[in-house]
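Visitor: Hi, I am new to this one and would like a walk through it. Could you show it to me before we start?

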Amino acid sequence: MKRSCMKMIILCLLAALCTCMLTACGDQDAGTVVPDEKKIVVVGFSQVGAESDWRNANTRSMTQALSEENGFRLIFEDAQNKQERQITAIRNFIQMNVDYIVLAPTTETGWETVLGEAKAAGIPVIIVDRLINVSDSSLYTCWVGSDFWKEGRAAVRWMEEQFVDRPLRIVHLQGNLGCSAQKGRTGALTEAMQAHPDWQIVYQGPGDFLQAKGQEIIEDLLSRGIEFDVIYSENDNMAFGAIEALNGAGLVPGEDVIIVSFDGCHRALEMVQSGAISFVAECNPLHGPRIMNIINTLESGIMPPKQTYVDEKTFDREHITREMLDERDSEYPTSSGCGIPSASSLPLF
Ligand code: GZL
């Protein structure tokens, strides 16, 4: 008798519980499926820092593309050029269980452990701009960026055409040592030195892509009476610093010293037109639309290419035109929309 009463009480309680749950669901009956809102894709983006015009244009491009209006919620972390801050940011993104992690890596190595944690959490990682060097390529979904060796070889080719059989004393301002942008641009110059015994590197060292360091290095060389013909600067901002130093010493950039640079930001192309900078190999930062397209492609269940190199141009004093300058939108690009646009289909920065 007692057991049957208990059973009855439990059954009544369960019935009451189910009734509450059904009424708590509001007036929809079990039959209708309420279409959920368009899914907002949550993206954790770990950015190198804010060291250059290139980086700031890259950040603008990424934040404009991965916007709420485009269906994204972007969690942006600035690593201030420190890999350990990027590793912490990635771990935070994993904790937040974001849909995608985008990494603009400060350097090539040291990513296995943290990307292994992202893989274990089932979060796709997209690498943008510089490359990473990992033993297991399944640790990231895909990469989009520049061919830095190609940029460097374009710069060296221009030097060979300009200075046929002329001895050169070269100052080499390098970017952050160990990042693929520095390794490619440095590699191309080092490779060329083998073919040009009359080329001499009178100084080689990191300016960390920073304008102030570029200026500091050139001022120091001038103060010590070091003479040179060419500055091979691995980005525009170090070239701007070098120009400040040359001007301060009464030297005319583009005449007393030839400047070769990389990136092609607005200011640099204006200096190519004025003659202060003689050659720029473009390194296009406008990856926002490309990353947006990669994520939308993945969301539709399609795997994008593992590696995508963007098309890039070169600019020199003889060929630059006002139209090339005017065509660019110095703020935000107008993306070509479909597909991963090549650099030539996007205005420069
Ligand atoms: C290159 C990029 C480099 C730029 C610099 O893709 O990583 O970092 O050349 C920037 O201007 O600081």
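Guide: Let us begin with one detail in this predicted model: the side chains of Asn 284 and Arg 290 are joined by a polar contact of 3.4 Å.

Visitor: Where does Asn 284 lie, and is it buried or exposed?

Guide: Asn 284 belongs to the loop between β10 and α10, and it counts as buried because its relative accessibility is 0%, with the cut-off for buried set at under 20%.

Visitor: What about Pro 285, where is that one found?

Guide: Pro 285 is also a loop residue, placed between β10, which covers 279-282, and α10, which covers 288-299. Its relative accessibility is 0%, so Pro 285 counts as buried. In sequence Pro 285 and Gly 264 are 21 residues apart, while in space their C-alpha atoms are 9.7 Å apart.

Visitor: Let's step back for a moment. How many helices and strands does the chain have?

Guide: There are 11 helices and 12 strands in the chain. Of its 349 residues, 50% are buried, and the accessible surface of the chain is about 16,400 Å², with 54% of that belonging to carbon and sulfur atoms.

Visitor: And what share of the contacts comes from residues 24 or more positions apart?

Guide: Among contacts in the chain with a separation of 6 or more, 73% are between residues 24 or more positions apart.

Visitor: Okay, on to the ligand. How many residues surround it, and which are the closest?

Guide: The ligand is surrounded by 13 residues, and the closest of them are Glu 51, Asp 129, Arg 130, Arg 185 and Asp 263. Two helices, α2 (53-65) and α6 (180-195), each contribute at least two residues to the shell around the ligand.

Visitor: How far are the polar side-chain atoms of Ser 52, Arg 55 and Arg 185 from an oxygen atom of the ligand?

Guide: For Arg 185 the distance from a polar side-chain atom to an oxygen atom of the ligand is 2.8 Å, for Ser 52 it is 2.9 Å, and for Arg 55 it is 3.1 Å. The ligand taken alone exposes 320 Å², and the protein buries 100% of that.

Visitor: Where does the ligand sit, then?

Guide: The ligand is located in the largest cavity.

Visitor: You listed Asp 263 there. Which strand does it lie in?

Guide: Asp 263 is part of strand β9, which runs over residues 258-263. With a relative accessible area of 3%, Asp 263 is buried, and its phi is positive, at about 120 degrees, although Asp 263 is not a glycine.

Visitor: Where is Asp 208, and what does its side chain do?

Guide: Asp 208 lies in the loop that runs between β7 (199-206) and α7 (211-223), and its side chain is joined to that of Lys 213 by a polar contact of 2.6 Å. Setting aside neighbours within four places in sequence, Asp 208 is in contact with Gln 174, Gly 175, Asn 176, Lys 213 and Met 238.

Visitor: Is Asp 208 buried or exposed?

Guide: Asp 208 counts as buried, because its relative accessible area is 17% and the cut-off for buried is under 20%.

Visitor: Last topic: which helix is Gln 86 found in, and what is it in contact with?

Guide: Gln 86 is in helix α3, which covers residues 83-96, and at 0% relative accessibility it counts as buried. Leaving out neighbours within four places in sequence, its contacts include Ser 46, Gln 47, Val 48, Leu 103 and Trp 111. Gln 86 and Gln 47 are 39 residues apart in sequence, and their C-alpha atoms are 7.8 Å apart in space.

Methods: Residues are numbered from 1 along each chain as its sequence is written. This is a predicted model: local features need pLDDT of at least 70, side-chain atom pairs count only at pLDDT 80 or more; totals for chains, interfaces and linings use all residues. Side-chain values use heavy atoms; hydrogens and water are left out. Helices (H or I, at least four residues) and strands (E, at least two) are DSSP runs, numbered from the N terminus. Buried means under 20% relative accessible area, exposed over 50%, partly exposed in between (1.4 Å probe, protein chains only). Contact means heavy atoms within 4.5 Å. Accessible areas come from the Shrake-Rupley method with a 1.4 Å probe; for residues, only the protein chains shown count as cover. A residue is near a molecule or strand if one of its heavy atoms lies within 4 Å of it. A polar contact is a pair of N or O atoms within 3.5 Å; within protein, one must be able to donate a hydrogen and the other to accept it, and residues adjacent in sequence count only if both atoms are side-chain atoms. On a 1 Å grid over the protein atoms alone, a cavity is a set of points where a 1.4 Å probe fits but cannot get out, and a pocket is an open set with protein on both sides within 12 Å along at least five of seven lines; lining residues have an atom within 4 Å of a point. A molecule sits in a cavity or pocket if more than half of its atoms lie within 2 Å of its grid points.
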